[in-house]
Amino acid sequence: MVVFAVSLAIIQYIDRVAISQAAPSITKDLKLTTEQMGYVFSAFTLAYALFEIPGGYLGDLIGPRKVLLRIVMWWSFFTAATGFAWNWVSLLVTRFLFGAGEAGCFPNITKAFNRWLPKEERSRAQGILWMCARWGGAAAPLLFFWLQQYMHWRTTFMVFAALGIVWAVIFYVWYRDNPREHKSVNAAEAALLPTDAPVSEHFEVPWRKLMRSRSVWCLCGQYFALGYGWYFFVTWFPTYLLKERGLDVKQSALLAGTPLLLGGFGAFVAGWITPHLARWSGGVGSARKILGAGGMIAGGALLFVSTFLANPYLAVAAIALVSFCNDLSLPGSWTACMDVGGRYVGTLGGAMNMLGNAGGFFSPIILGMIVQRTNSWTIAFYVTSVVSLGGAICWLLLDPTTPLEEQVKD
């Protein structure tokens, strides 16, 4: 299960991040302005945010097997379709539909983890998942640069699309929503797994409780802050390296993946250290708060410091460490969804990821507007640092372990 989740996360991030490396070529071929390209980046994020709750809800309703097959086939088609764009509007529509397809991926993976993994193994699994997801994004610029030596940027999107189609077919044949129905799961393994039914014919989401829970709002708020800062790495960072730091295309391709590379390490470290930190701090909830709030404070401070570094390589190092610090919160965010959401983890994960990608929707537009109107990245980085501080405050205010039913009474 973890292998399938990790491989899908890698494919999803390659498909998502590829456009940031292709942006200079796309802008040139389609004659787009910086602001227009910002809207292209955000079209994906808007759709991704809007369809997160429906995608997560469907996973709770009919199970991840059917949902993941549909959404991976959908986004793979529109990954390929990106290569057929002929103007700004066609690219905008294609990336919007691509985002609609990718929505629901991680809530459904988390739903599957909730069914297939014992509780004590979930944090580690989430750490491995997000490490590999970030590393998939880190590899995308280099992979795209290498493929561009042999083919046009349009063709590379078709190559990436093929990966998702192959995954979807193999996964659908192998996976079962109820692990006890899988021929490879023996009785001893089944005894370790949750006992509630994975799919219910009478499934109703307690929307009122979700809306009244402070922890739900804070969980979504901290993910908004994380998404706002993270989307810089997969949208404007290559352009920042080229235009602000004066690097060439090859140097940009080599360095563009460093924030995601270190972010992967951050997620892995958090997944590994959480049980040890929980024993030291008095509980897993405290451990999640320390990693979440501490990581976001440190990330915002490093981004602020990077604006004072004249050496481009030192600046890139500081920015990459921002990603490491921010991603310390990732395993805690998704395991908190499992603990708080319970059988509604798909829906809650969709809500959290929706708000995270709402932050990602606004980020490229605001960054593009600030840079175009001030001709400077400094103010844009200061704004991102303040947003990161807000995310840390959300972590301090939420209860990341108590189930929703116990937090909010009818």
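Reader: Which are the buried residues of α5?

Author: This is a predicted model: local features need pLDDT of at least 70, side-chain atom pairs count only at pLDDT 80 or more, and totals for chains, interfaces and linings use all residues. Residues are numbered from 1 along each chain as its sequence is written, and side-chain values use heavy atoms, with hydrogens and water left out. Helices (H or I, at least four residues) and strands (E, at least two) are DSSP runs, numbered from the N terminus; buried means under 20% relative accessible area, exposed over 50%, partly exposed in between, with a 1.4 Å probe and protein chains only. By that cut-off, the buried residues of α5 are Ser90, Leu91, Thr94, Arg95, Phe98, Gly99, Ala100, Gly101 and Glu102.

Reader: What covers the buried residues of α5?

Author: Contact means heavy atoms within 4.5 Å. The cover includes α1 (2-30), α2 (34-50), α3 (52-62), α4 (64-82), α6 (105-116) and α8 (153-174).

Reader: Why does threonine 94 count as buried?

Author: Threonine 94 is found in helix α5. Leaving out residues up to four places away in sequence, threonine 94 touches Phe78, Ala81 and Thr82. It counts as buried because its relative accessibility is 11%.

Reader: How far apart are the end C-alpha atoms of helix α5?

Author: The expected span of a helix is 1.5 Å times one less than its number of residues. Helix α5 (residues 88-102) has 15 residues, so it should span 21 Å. The end C-alpha atoms agree with that, being apart by 21 Å.

Reader: At what angle do the axes of α2 and helix α18 cross?

Author: Axes are lines fitted to C-alpha atoms, for helices over the stretch in contact, and angles run from 0 to 180 degrees between N-to-C directions. The axes of α2 and helix α18 (residues 345-374) come within 7 Å and cross at roughly 170°. Angles under 35 degrees count as roughly parallel, over 145 as roughly antiparallel, 65 to 115 as roughly perpendicular and the rest as oblique. Therefore α2 is roughly antiparallel to α18, at a crossing angle of roughly 170°.

Reader: How many disulfides does the count come to?

Author: A disulfide is a pair of cysteine sulfur atoms within 2.5 Å. Cysteine 132 is in none, as the nearest cysteine sulfur, that of cysteine 105, is 13 Å away. Cysteine 394 is in none either, with the nearest cysteine sulfur, that of cysteine 218, 5.0 Å away. The count comes to 0 disulfides.
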